[in-house]
There are 2 protein chains.
Amino acid sequence: MIVMKGTTTRDHIVEAADRLFYQQGFEHTSFSDIADAVQISRGNFYYYFKSKDDILEAVIVQRLLDRQSLLERWDLDGDHPIDRIRSFINILIKNRADIKRYGCPIGTLSAELAKLNHTAEAGANELYTVFQTWLSRQFALLGRAGDADALALHLLARSQGVAALASAFHDDAFIAREVRQMEDWLLSVTNSRAQVAL
Amino acid sequence: MIVMKGTTTRDHIVEAADRLFYQQGFEHTSFSDIADAVQISRGNFYYYFKSKDDILEAVIVQRLLDRQSLLERWDLDGDHPIDRIRSFINILIKNRADIKRYGCPIGTLSAELAKLNHTAEAGANELYTVFQTWLSRQFALLGRAGDADALALHLLARSQGVAALASAFHDDAFIAREVRQMEDWLLSVTNSRAQVAL
């Protein structure tokens with residue numbers, strides 16, 4: 001399947017909604033906000049999406065595709081699973097400008113949909129699962145198949161916690177320190193067995 | 001100051017708003033939702049609060065008072081700083097039913113207000129600071145004055161991350177495992193010097 005991002009009106013709508021949901025929250029973003037952002041008539045907009053929930057569904061699908069591509073890139077770029085997991089850890093540094101303002105896009109959407117008791121919550125949580133499954137595979141490659149899922153969830157939780165506090169305190173030194181500690185942790189849990197599995 | 005919780009109409013309004021903001025989000029909760037929850041007339045309600053923002057301010061003040069009392073109780077109940085920090089870590093177990101449904105009340109409110117660019121964001125983040133300051137004092141008592149703030153923020157982040165994933169995955173075993181690991185971490189960072197300071 002060829003995904004040409006941002007080339008059709010529908011893609012523009014999904015991109016704008018993705019950004020607005022992230023920056024100002026799903027509940028706070030109106031149908032009109034999105035239509036205004038892409039500068040198309042309400043009628044044209046309506047042709048693609050009948051409700052904000054329809055747009056949310058499309059945003060989640062697009063995010064899943066985007067994250068899958070990201071993980072495939074990390075798989076190609078990192079020869080060693082340690083390097084790949086480092087790519088994950090370092091999103092906190094790379095995206096820190098956005099994270100300090102709006103938190104983690106995955107975590108904050110899941111949290112909001114949980115409170116709204118929204119039917120899309122399961123789909124949004126699937127984004128967590130994509131990262132967990134990928135991290136788990138890396139830990140398995142490092143000889144930790146036995147507790148790969150637990151290690152993956154642990155790292156995901158650490159990363160979520162740092163994003164939450166970074167958004168409250170806007171503290172670059174805190175982010176850098178925590179990233180270093182996660183890298184140290186990564187070496188400590190994989191060092192002893194890394195040679196065996198590779 | 002004697003705080004008699006829940007004894008006046010105003011207190012009832014603040015309690016109901018606190019619960020609704022936590023369970024369904026600030027943005028999603030209307031003025032009417034709160035009035036309906038306390039079952040008083042709009043006119044009577046209006047006598048106490050003119051806007052949802054006024055109620056939010058009162059909710060944050062009440063949460064600050066509640067958490068201060070909680071920390072004073074932990075100070076009294078725990079003879080040793082290690083025990084007090086354990087009280088903090090174990091909120092994840094104690095409040096896990098709510099956390100699995102709605103996440104952490106502090107973290108999710110801060111995250112929502114950050115996206116809304118709401119003037120109350122700083123007040124909401126003050127709730128984090130209350131815990132950070134208290135945790136930092138405990139680490140200082142354990143002989144880690146030099147990096148007490150960093151240790152406090154680290155533990156706060158770990159706890160936030162667990163709450164975020166607990167709300168997505170509803171996984172009791174995950175919470176229990178992470179709590180054990182936080183307790184192990186606590187002993188590992190304080191063991192060597194705990195005897196010196198106490």
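Select E183(A). At 18% relative accessibility it counts as buried (under 20% relative accessible area; exposed is over 50%, partly exposed in between; 1.4 Å probe, protein chains only). E183(A) sits in helix α11 of chain A, residues 172–197. Helices here are DSSP runs of H or I with at least four residues, strands are E runs of at least two, and both are numbered from the N terminus.

This is a predicted model: local features need pLDDT of at least 70, side-chain atom pairs count only at pLDDT 80 or more, and totals for chains, interfaces and linings use all residues. Residues are numbered from 1 along each chain as its sequence is written, chains are lettered from A and ligands numbered from 1 in the order written, and side-chain values use heavy atoms, with hydrogens and water left out.

Next, show the surroundings of E183(A). Beyond its neighbours within four places in sequence, E183(A) is in contact with R86(A), I89(A) and N90(A). Contact means heavy atoms within 4.5 Å.

Move to helix α5 of chain A, residues 81–89. Which of its residues are buried? Select P81(A), I82(A), R84(A), I85(A), F88(A) and I89(A). They lie on the same side of α5(A), because they cover an arc of only 160 degrees around the axis. That arc is taken over the directions from the helix axis to the C-beta atoms.

Zoom out to chain A. Its secondary structure comes to eleven helices and zero strands. The C-alpha trace spans about 60 × 40 × 30 Å along its principal axes. Of the 198 residues, 51% count as buried. Among contacts with a separation of 6 or more, 67% join residues 24 or more positions apart.

Now bring in chain B. Here 39 residues of chain B are in contact with 39 residues of chain A. The two chains bury about 2,900 Å² between them, 63% of it on carbon and sulfur atoms. Buried area is the accessible area (1.4 Å probe) that two parts lose on being put together, summed over both. Select K115(B), L153(B) and F169(B): in chain B they lose the most area to chain A, together 23% of what that side buries.

Which helix supplies the largest share of the side of chain B that touches chain A? Colour α10(B), which gives 14 residues.

Finally, look for salt bridges between the chains (side-chain nitrogen of Lys or Arg within 4 Å of a carboxyl oxygen of Asp or Glu). The count is zero.
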